[in-house]
Amino acid sequence: QVQLVESGGGSVQSGGSLKLSCAVSEYTYRHGSMGWFRQAPGKAREGVASIGSDGATIYADSVQGRFTISRDNAKNTLYLQMNSLKAEDTAMYYCAAAPFWSVLDGVRSLRADRYHYWGQGTQVTVSS
């Protein structure tokens, strides 16, 4: 069983920074694809950032240059460093994982339907 637990969310003023963490229960899944998604009330879930097993990353245009996704295999943890936060970044943030044997083949992806496991979410609120 794979479990993902997000942490690090909170309230911050515009222009500030937060670092989200996602602890993954199964060491094996560090070889797969992982991503961060967010969903604001009344809006569809949006892919924010993803990192493949090879370390390659992809970002949504809305966060490009401001957010950085990374993974620490030794700690079995996924991170999202969020800088220059804007009010429109306010959302519930979820981490997701796709095992290396999945259709993604360890490749980065912002498609939510390609991920097998999801965390419970952590709220990020940015005051304008």
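Reply: Two strands count as paired if DSSP finds at least two bridges between them. Strands themselves are DSSP runs (E, at least two residues), numbered from the N terminus. Bear in mind that this is a predicted model, where local features need pLDDT of at least 70, side-chain atom pairs count only at pLDDT 80 or more, and totals for chains, interfaces and linings use all residues. Residues are numbered from 1 along each chain as its sequence is written, and side-chain values use heavy atoms, with hydrogens and water left out.

Let's go for strand S9, residues 91-98. Of its 8 residues, 7 are buried (under 20% relative accessible area, with exposed meaning over 50% and partly exposed in between, using a 1.4 Å probe and protein chains only). So S9 is largely enclosed by the rest of the structure.

Now for the partners. Strand S4 (residues 33-39) runs antiparallel to S9, joined to it by 7 bridges. Look at Met34 there: its bridge partner in S9 is Ala97. S9 also pairs with strand S10 (residues 117-118), in the antiparallel sense, over 2 bridges. Here Ala96 has Trp118 of S10 as its bridge partner. Then there's strand S11 (residues 122-127), again antiparallel to S9, with 3 bridges. Find Ala91 and you'll see that its bridge partner in S11 is Val124.

While you trace these, remember that in a regular strand the side chains alternate between the two faces of the sheet.

Technical notes:
Helix = DSSP H or I, 4+ residues; strand = E, 2+ residues; numbered from the N terminus.
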